[in-house]
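Here is a short briefing on one protein model.

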Amino acid sequence: RRLAVRAGAVGGPPPPRPADAPTPVAGRDPPLAVPAARVTLDGTSNIHPFTASSSTVRIIAMEVGGSPSGDLLDYVLQPGGLTAFEAAVATTSLTSPREGVDKNMYKALKSPEFADIRFKLGAIERGTGSDYRASGTLTIAGVEKPVTLNVQARRNNSALAVTATTDVLMTDFGITPPKALMGMLKTDPKVQIRIELVLDAPSST
């Protein structure tokens with residue numbers, strides 16, 4: 001049998017919610033709860049580094065395959081355990097503490113035309129210790145590309161903290177690296193995307 005959570009197509013940013021509210025998972029009785037999540041973009045320029053992040057992460061699909069028994073959080077890290085996972089973040093929910101970054105970032109990411117950045121899981125492979133590799137597709141500015149994420153999963157009592165990172169080139173997604181200060185500030189096309197999730201299994205408590 002499969003435990004599944006699915007949502008319909010999402011066309012834009014979700015309605016505002018309290019900052020401390022848990023990340024919403026569509027559907028009833030989800031197999032895994034996601035009480036916290038964050039997506040971060042880190043990059044550099046010829047003048048200074050920059051970062052932007054959002055904790056407004058939407059879980060669009062989540063599916064656990066087979067017949068889970070025992071610890072569900074351990075089960076989903078096994079081959080075939082988590083058969084589907086898709087998440088999205090609204091481009092305009094990404095914010096930077098550095099003044100002037102947000103406006104240029106939204107323009108570069110073509111936010112008026114493409115509202116979301118999305119990741120869709122393909123497969124998870126176990127590495128050594130708490131390290132894993134996750135393959136899937138990443139969609140930025142309407143362009144979908146295959147990616148591989150380096151994943152670390154750390155158990156914390158009844159929760160599982162997952163951090164996944166990958167480096168991408170803006171130009172691969174049809175994005176022109178932003179410039180500022182009349183061209184004096186030039187952004188490196190390489191950025192790191194970091195996805196942080198906290199998962200727990202309500203059914204096991």
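**Strand pairing and overall make-up**

Strand β2 pairs with strand β3 (residues 49-54) in the antiparallel sense over six bridges; two strands pair if DSSP finds at least two bridges between them. Helices (H or I, at least four residues) and strands (E, at least two) are DSSP runs, numbered from the N terminus. This is a predicted model, in which local features need pLDDT of at least 70 and side-chain atom pairs count only at pLDDT 80 or more, while totals for chains, interfaces and linings use all residues. Residues are numbered from 1 along each chain as its sequence is written, and side-chain values use heavy atoms, with hydrogens and water left out.

**Overall**

- The protein has two helices and 11 strands, which follow the pattern β-β-β-β-α-β-α-β-β-β-β-β-β along the sequence.
- Of its 205 residues, 42% count as buried; buried means under 20% relative accessible area, exposed over 50%, and partly exposed in between (1.4 Å probe, protein chains only).
- The accessible surface is about 11,100 Å², and carbon and sulfur atoms account for 54% of that surface. Accessible areas come from the Shrake-Rupley method with a 1.4 Å probe; for residues, only the protein chains shown count as cover.
- Among contacts (heavy atoms within 4.5 Å) between residues at least 6 apart in sequence, 59% join residues at least 24 apart.

**Strand β2 and its partners**

- β2 and β3 form a hairpin with three residues between them, and Gly-43 stands opposite Phe-50 in β3.
- β2 also pairs with β11, in the antiparallel sense and over 10 bridges. In that pairing, Asp-42 stands opposite Gln-192 in β11.
- Ser-45 lies in β2 (residues 33-45) and counts as buried because its relative accessibility is 16%.
- A polar atom of the Ser-45 side chain lies 2.7 Å from the backbone oxygen of His-48. A polar contact is a pair of N or O atoms within 3.5 Å; within protein, one must be able to donate a hydrogen and the other to accept it, and residues adjacent in sequence count only if both atoms are side-chain atoms.
- Not counting residues up to four places away in sequence, Ser-45 touches Leu-185, Lys-186, Thr-187 and Asp-188.

**Strands β5, β6 and β7**

- Strands β5 (residues 82-90) and β6 (residues 116-126) run antiparallel and are joined by five bridges. Ala-88 is placed opposite Arg-118 in β6.
- β6 pairs with β7 (residues 131-140) over eight bridges, again in the antiparallel sense, and Leu-121 has Gly-136 in β7 as its bridge partner.
- Four residues separate the strands in the β6 and β7 hairpin, where Gly-129 takes a positive phi near 60°.

**Nonpolar core**

- The largest nonpolar core has 49 residues, and Leu-138 and Ile-140 touch the most other members. Strand β11 (residues 185-200) gives the largest share of this core, five residues.
- A nonpolar core is a set of buried Ala, Val, Leu, Ile, Met, Phe, Trp, Tyr and Cys residues joined through side-chain atoms within 4.5 Å.
- Leaving aside neighbours within four places in sequence, Ile-140 contacts Leu-109, Ile-117, Phe-173, Ile-175 and Ile-193.

- Most residues other than glycine have a negative phi.
- Ala-141 has a positive phi near 55°; this residue is in the loop between β7 and β8 (143-156) and is buried, with a relative accessible area of 5%.
- Asn-157 has a positive phi of about 60°; this residue is in the loop between β8 and β9 (159-169) and is exposed, with a relative accessible area of 65%.

**Salt bridges**

- The structure holds eight salt bridges, each a side-chain nitrogen of Lys or Arg within 4 Å of a carboxyl oxygen of Asp or Glu.
- Asp-42 forms one with Arg-194, with the closest N and O atoms 2.8 Å apart. Asp-42 lies in β2 and Arg-194 in β11, so the pair ties together parts that are 152 residues apart in sequence.
- Arg-194 also meets Glu-196 in a salt bridge (3.7 Å, N to O).
- Asp-71 and Arg-155 form a salt bridge at 2.8 Å, N to O. This pair links the loop between β4 (57-64) and α1 (72-75), where Asp-71 lies, to Arg-155 in strand β8, 84 residues apart.
- Arg-58, Glu-86, Asp-116 and Arg-118 are linked in a network of salt bridges.
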